[in-house]
Every structure is written in structure tokens, then in C-alpha cells.
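Hi,

Here is the structure I promised to pass on.

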Amino acid sequence: MGPTTLTSVSAEVVDKVEIKTALVSVFDKIGLEDLGKFLAAKGVHILSTGGTAAKLRDLGCTVQDVADYTGSPEILDGRVKTLHPKVHGGLLAARGNAGHEAEMEKHSIRKIDLVVVNLYPFQEAVAKGGDFATCIENIDIGGPAMIRASAKNNAAVTILTSPSQYSKFMTELSDNSGCTTFSFRKNMAAAAYTLTSAYDSAVSGWLSGEVTEPPTKKTITFETGPGYINLLDAINAWQLVHELAKATGLPAAASFKHVSPAGAAIGVPLSDEEKIVYEVKDKEMTATAAAYVRARNADPMCSFGDFVAISHEVDVATAMILKIEVSDGIIAPSFVPEALEVLKAKKGGKFIVLKADPNFQYSDLEYRMVGGVGFMQKRNDALFDASKLAEVVTTQKTLPDKAQKDLILASIAIKYTQSNSVGYSKDGMMIGVGAGQQSRVDCVKLAGRKVATWWLRFHPKVKGLPFKEGVKRQDRVNARVRYIEGDMEDAEKTEWLKNFNSPPEPLTAEDKSTFLKGLDGVAISSDAFFPFRDSIDHATRLGVKYVAQPGGSVADAEVIDACNTYGMAMAFTKLRLFHH
């Protein structure tokens, strides 16, 4: 029999809690000036310690020292400042609980509504090569204790753990008459526990390397259900389509493999020719279904066994498209009942169906463990919309609405692609994604090869391949790609020919070159600046007319000149989109 769990404590939970008292104790004082003035203007009673209290007083804030409030001085070289019942009682007391309220009054404990804390820079001390004693001294104790207490009591207490949260907090109070909402408090609590988890992991990882008997770690594995890569694909793909739908106002879809999109698209209607090439001419086609068909057909060979993300409710038409494709799973905000039944039956009931919360508020910070070392950075939460394309730096200034949507699509797609990355798009779909290359021009060439393959699928010889009856859908996809590539060894070609009623007429280099000259109006986006003009020189061979990139290279003038030579319009977005 397992241990008995604690029962819940009676408490009054209200949506809006007024911020009357704040405890502010921060090591990193960035943003403190604006926050302190804001709290002072709101008449918030501020409790603080040491250097933080001094800084706030310099800003003109009225501050009560924690030592004065508790009646206990800071001791042991500052190791004990806030570890006191009058502090943690004010954080953990259940509001509206008669017993807690009586104890607080008896011990003169003040309700603390807001805690602003960040932690000693332990990771920095380790990174700088600090000796054992120095690293030990930089392990924060009081900070994590207050963070965990405040986050636990999120029904009443707001916890801020990063300067990046201050602006959002001030907006929250301004919009709610000096109060925070329960939803906001829970979001901040989740971010707080993520921080303390990463902090503890960093300390544990470092200390394990300093001892003769490191603790053993237990690994938990899933026997069934989503795998590690499935979940990484799902979360990254969902962020992509959610942002893409928000930026374009259209349903969005993504086809992910190994934490990068094989394709992504928005719900632009398919032409009759596209329906034939993508083998969906007899399928019902809604905007959501069209988005997935386009996403899957950017690179249908790579999309084999993909994880799918859909920004909108999955309808029956979309489910019926998924039914005929080889795929591992899907994430979407909702499913019509009939569509869900179709998907539940896929793969003998093993098709993964995940429901995303479109209202989920992401933490401002992201964390990662690599080799026992914890990393933290601000999440790239910038929405890439048409405003990012305002600075057109080329002689050609026109960016039609269609081109803007393609550039937005390409930019958001590469935002969730392993860097370095470059993406080509046309007609509301990615047509080539180049991921994870050390050289940017190699990204351009890799993605460009995919663009050429995509376009050549529309060549009459490819469309007219004489497949035998009964050749499977994915085998037809693979056979077309190999026909276009044309670099088969004799043994492979012998097997390849078994797909056809008669040997296909060769697709010559001249055939391909001539047909590729008809490709035009393509957009390309890069996750960082183009360091040389070679990327532009290559892109023009693939019909590129519209370019988006951050700019900021010493070779910007050279790249602009190349675009002008080819009649391209290029926008400087001033936003890097690295993803690692």
C-alpha cells in the first residue's frame, strides 16, 4: 500500500486578487526601476532585503526591510534572510480559511500577494570555473523556498521569477484594476516550478560530478503511446501552426519529422492540376484539408510516417485525407466526433491523437538539459506577421498580398526548423525546407533540390507515369521522386521498373532544365542573414522573386545588389529565427 496523500486545505479561491503587499528580493536587478515605480504608484506595500531594498529606496519607493517586519535580523553572512514563519506564513496561508486567518492575526503575519524573486547565479559560478566553496555559496536556498511556496499558493499569490515577466505583470494589473487573475497566477506558477526544476537539476548535475559515489538515476520509459520524438514533433508542430494561423487568419497544417517540418501550409484552395498531382482529385476538400494536403506534399517522401499538426478543428474531410497517408499521429485543438472515430481506427487503434489547448500561455523562459548542464533562455515569442516585412531594401518594392503570406509562412516554418535553416514557399505551401546545415548556402541548395523535385512532379512525363494497378500510394510517391532524380544503379532500376506496365520514357536533363524555367513567384526566407550573395545567385535558378531575412551582415550591400540584379524584392525583418 502506498503512502497516504494529504487532503486539501479549505481556502477561498477568487479570480481576481488585489496586489496590496509585495516581497521583492532579486539578485538580477534588470527591470527593477520600472517595476518599483509601478508598484509605488499603485500604493503597494513593499517588503525587501539587502541590496534590493537599497535599490528600491534609491528609486523613491517606500520599503520595509524584511528584518524589520519579522523582528529577526539577517544572519550567517546573509544565508538566512527570508526563512521565517512571518514570511512563509504570509505566502502559504489559505485565504478565507478561518483557522489560517486567526493564526495570522495571532502572530502578526501579513498576507503577501506578490513575490518577485530571481536566483543566485549558480550556473554562472560553475561556468566561470569557480572552486567548490564558491559554487556552493551560489546555491540559492531562500529564493527557491519562496518561489515554491508562492507557486503552491497560486490561488492567492503571484510569483514573478524573471525580468521578462515584469511588463506582462504590469499590463495584467493595469487591465484588472490592480489585481491579477487566477489564470495569470497559474501561468506564473507553472513557469516558477519549471525554473526551480531546472535550477535543482543544474545543482544536482554539478554536485554529482564532484563526489565519489554519484546517485543513480532512474529512467522512466513509455511502453506504449507517444514516444520521445513524437512528443517533440507534436509540441514544435503545434507552435508552428498555431502561430501561422494567427499570423495569416487561415487554417494551417504542418507535417513534422525528427523535430523539423517536412512541410507546412495554409488553407489555400487547390487547383485541379494540384489535386491530380497530389492524388486527391476525388476527395472532399475543405480549407483545413487543403492545408494538410499542401503540407504533406511539400516533400511527400520525407513526410512518410509524419506527425501532423492542425491549427483548427479537424473535420471529416481532413480525417479522410489522413486515413490514406502513413502517419504516426496528430495534434489539434479539437476534432468533430466523426473525424475522431476515423482517426481512432487508424493503425489498428495505435494512431496517436493529442488535443492542444489553443489558449495555453507559454512561459517566457525555455529550459534544456544537455550533458548534465541546464540552460535557460527567453522564448522567441515574436509573432512573425506582415509588419515584419515593412522594410523592403531593394529597388523592387512591391510585395503582393500573396507573396507576403508566402514569406510569413516560410519564416514561421523555419522558426521551428533546426538551424541553420532556409525555406522556400509558393501558393501557401512550403515547397522546400533546408534544415540543420552549418553553411547557409548549403541550406539554400538542399532546400532548392526539394523545390526542383516538387515542381518537376507537375511535368507531363511525371504525371503520365504508367503505374501498374495495385502499386501502393507511398510507392508511387517514391517512384516519382526517383524518376525525377534519375541517379539509379542498375539493380535499383530493375526493381523500380516493376512499378510500371511499360518502361517510362526517360526524363532528360534538358527536360528538367526547360521545365524548371517555368517556375516563378517563389518566396524564400532565412533564419539568419545571408553572409554572401551566393545564396541569392542559387535561389534565382528556382524562380525566387521574394526574399525575407534579418539583415545585419557586413555583406548586406552585396546581397541587395544581387537581388536587384535578378529583380527580387527583399525585406529585412530584423528578427533572427534560430532553433536548436
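Before the notes, one convention: helices (H or I, at least four residues) and strands (E, at least two) are DSSP runs, numbered from the N terminus. What you have is a predicted model, in which local features need pLDDT of at least 70 and side-chain atom pairs count only at pLDDT 80 or more, while totals for chains, interfaces and linings use all residues. Numbering starts from 1 along each chain as its sequence is written, and side-chain values use heavy atoms, with hydrogens and water left out.

**The record and the overall picture**

UniProt, in an unreviewed entry, puts the feature "domain: MGS-like" at residues 12–161; its positions are in the numbering used here, feature names are shortened, and annotations may be inferred rather than shown by experiment. That stretch is 43% helix and 14% strand, with its end C-alpha atoms 25 Å apart.

The protein has 23 helices and 19 strands, and its C-alpha atoms fill a box of roughly 95 × 65 × 55 Å along the principal axes. Of its 580 residues, 51% are buried (under 20% relative accessible area; exposed is over 50%, partly exposed in between, with a 1.4 Å probe and protein chains only). Taking contacts (heavy atoms within 4.5 Å) with a separation of 6 or more, 62% are between residues 24 or more positions apart.

Mean pLDDT (the predictor's confidence in each residue, from 0 to 100) is 89, and 97% of residues reach 70 or more. Please go carefully with residues 218–223: pLDDT stays under 50 there, and the model gives them 0 contacts beyond four places in sequence.

**Salt bridges**

With a salt bridge taken as a side-chain nitrogen of Lys or Arg within 4 Å of a carboxyl oxygen of Asp or Glu, the count comes to 30. Here are some of them.

- Arg296 and Glu325 meet at 3.6 Å, N to O. Arg296 is in helix α13 (residues 287–296) and Glu325 in the loop between α14 (316–323) and β11 (327–332), so the pair ties together parts 29 residues apart in sequence. Arg296 counts as buried at 2% relative accessibility, and so does Glu325 at 8%.
- Asp527 pairs with Arg440, the closest N and O atoms being 2.7 Å apart. Asp527 sits in the loop between β17 (522–526) and α22 (534–539), Arg440 in helix α17 (residues 440–456), so this pair ties together parts 87 residues apart in sequence. Asp527 is buried at 0% relative accessibility, as is Arg440 at 7%.
- Asp511 pairs with Lys461, with closest N and O atoms 2.6 Å apart. This pair links helix α21 (residues 509–516) to helix α18 (residues 460–463), 50 residues apart.

Shared partners also join Glu279, Arg296, Asp306, Glu325, Arg473, Arg476 and Arg480 into one salt-bridge network.

Ile408 is in helix α16 (residues 401–415) and is buried, at 4% relative accessible area. Leaving out residues up to four places away in sequence, Ile408 touches Leu244, Ala247, Thr248, Phe384, Asp385, Ala386 and Leu389. Ile408 and Ala386 are 22 residues apart in sequence and 6.9 Å apart, C-alpha to C-alpha.

Gln396 lies in the loop between β14 (373–378) and α16.

Best wishes
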